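Colleague: Please take a close look at one helix pair and what surrounds it. Keep it brisk, and give the cut-offs as you go.

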Amino acid sequence: MTDDPKAAERFDRRKLFRRAGLAAGALGVGLGYPVLEARWCALSRRVVSVPRLPSGFRGTTAAFLTDLHHGPFVPLSYIRHVVDLTNSLKPDLILLGGDYVSKSPRYIAPACEALARLRAPLGRFAVLGNHDHWESATESRIQLDRAGVEMVDNRGVWLRRGPDRLRICGVGDLWTDKQDTASALDDADESDAVIMLSHNPDFAEAVDDPRVGLMLSGHTHGGQVVLPGWGAPIVPSQYGAKYLGGLVQGPSGPVFVSRGVGTSGPPVRLLCRPEVVLLTLT
């Protein structure tokens with residue numbers, strides 16, 4: 001210790017500046033982390049049961065991507081990274097849950113060009129989300145068709161392996177389109193296995209048809225920001241946190257809700273990493 005008051009003052013100032021620097025650094029990391037997490041895409045592997053799934057399709061893998069939100073805050077380089085990650089999984093089937101762009105129709109063509117590189121032997125199937133309708137549903141359909149992605153809004157297709165078949169179908173977005181379950185299911189009967197795409201999981205509350213074995217949705221982003229001890233302050237659902245993410249039991253069957261790939265609103269995530277989902281069907 002020193003009896004020199006000036007030396008003591010200089011020492012105290014150094015301690016103060018050091019602590020202030022550490023505090024500023026911690027604050028910078030704290031503020032920057034949610035931006036980094038928004039691009040820290042996770043791979044989520046899930047085994048899901050599809051009622052009445054025939055033996056020819058047991059073990060089939062389906063990559064599920066939703067809520068890419070390519071736009072001013074979600075760069076094309078990130079979308080391309082997600083496409084590369086998905087292709088590296090070598091899925092049998094790729095399913096797309098909507099909201100491919102945000103903020104401007106000029107992002108539609110580049111996003112769909114990136115999605116054109118997705119590869120799966122059983123095909124690539126998609127529905128639109130509310131943001132796609134807000135920017136341009138017509139242009140979104142044109143560009144996805146050019147990318148070789150088959151639209152299943154209010155319609156469906158049969159996948160076949162020998163004598164077995166699996167119905168992949170979808171409905172229009174709950175906020176911005178119509179939902180025609182009868183057209184989506186068409187000639188499926190109660191002995192068939194059916195996977196339905198619905199961008200908004202709230203639609204599950206209106207489904208009263210035993211033929212729908214599994215619904216896949218996005219839209220809620222897992223809340224996007226989750227506060228410790230509090231949960232997600234904002235969830236775009238009429239049913240609170242019920243459809244926040246993961247496998248949920250709807251009124252007539254299971255619903256898998258992905259946290260999505262991109263962000264909308266503030267370009268941040270907290271304790272809610274974006275995800276590419278690889279589903280193994282059983």
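**The α3/α4 packing**

Modeller: Helix α3 (residues 108–115) packs with helix α4 (residues 130–146) at an angle of about 30 degrees, the axes lying 9 Å apart. That angle makes α3 roughly parallel to α4 (angles under 35 degrees count as roughly parallel, over 145 as roughly antiparallel, 65 to 115 as roughly perpendicular and the rest as oblique). Axes are lines fitted to C-alpha atoms, for helices over the stretch in contact, and angles run from 0 to 180 degrees between N-to-C directions. The crossing of α3 and α4 is right-handed (the near helix is turned clockwise from the far one by less than a right angle).

This is a predicted model: local features need pLDDT of at least 70, side-chain atom pairs count only at pLDDT 80 or more, and totals for chains, interfaces and linings use all residues. Residues are numbered from 1 along each chain as its sequence is written, and side-chain values use heavy atoms, with hydrogens and water left out.

Now the contact itself. From α3, Ile-108, Ala-109, Cys-112 and Leu-115 meet Glu-135, Ser-136, Glu-139, Ser-140, Gln-143 and Leu-144 of α4 (contact means heavy atoms within 4.5 Å). Five residues of this contact are nonpolar, three polar and two charged (Ala, Val, Leu, Ile, Met, Phe, Trp, Tyr, Cys and Pro count as nonpolar, Asp, Glu, Lys and Arg as charged, and the others, Gly among them, as polar).

Next, the core. The largest nonpolar core has 34 residues, of which Leu-96, Tyr-100, Leu-115 and Leu-144 touch the most other members. Such a core is a set of buried Ala, Val, Leu, Ile, Met, Phe, Trp, Tyr and Cys residues joined through side-chain atoms within 4.5 Å; buried means under 20% relative accessible area, exposed over 50%, partly exposed in between (1.4 Å probe, protein chains only). Elements giving two or more residues to this core are β2 (61–65), α2 (76–88), β3 (93–96), α3, α4 and β12 (275–281). Helices (H or I, at least four residues) and strands (E, at least two) are DSSP runs, numbered from the N terminus. The most comes from α2, with six residues.

Leaving out residues up to four places away in sequence, Leu-144 touches Tyr-100, Cys-112, Leu-115, Leu-128, Val-149 and Met-151. A second, separate core of 25 residues includes Leu-95, Leu-159, Ile-168 and Val-277.

For context, the chain holds five helices and 12 strands. Of its 282 residues, 53% count as buried.
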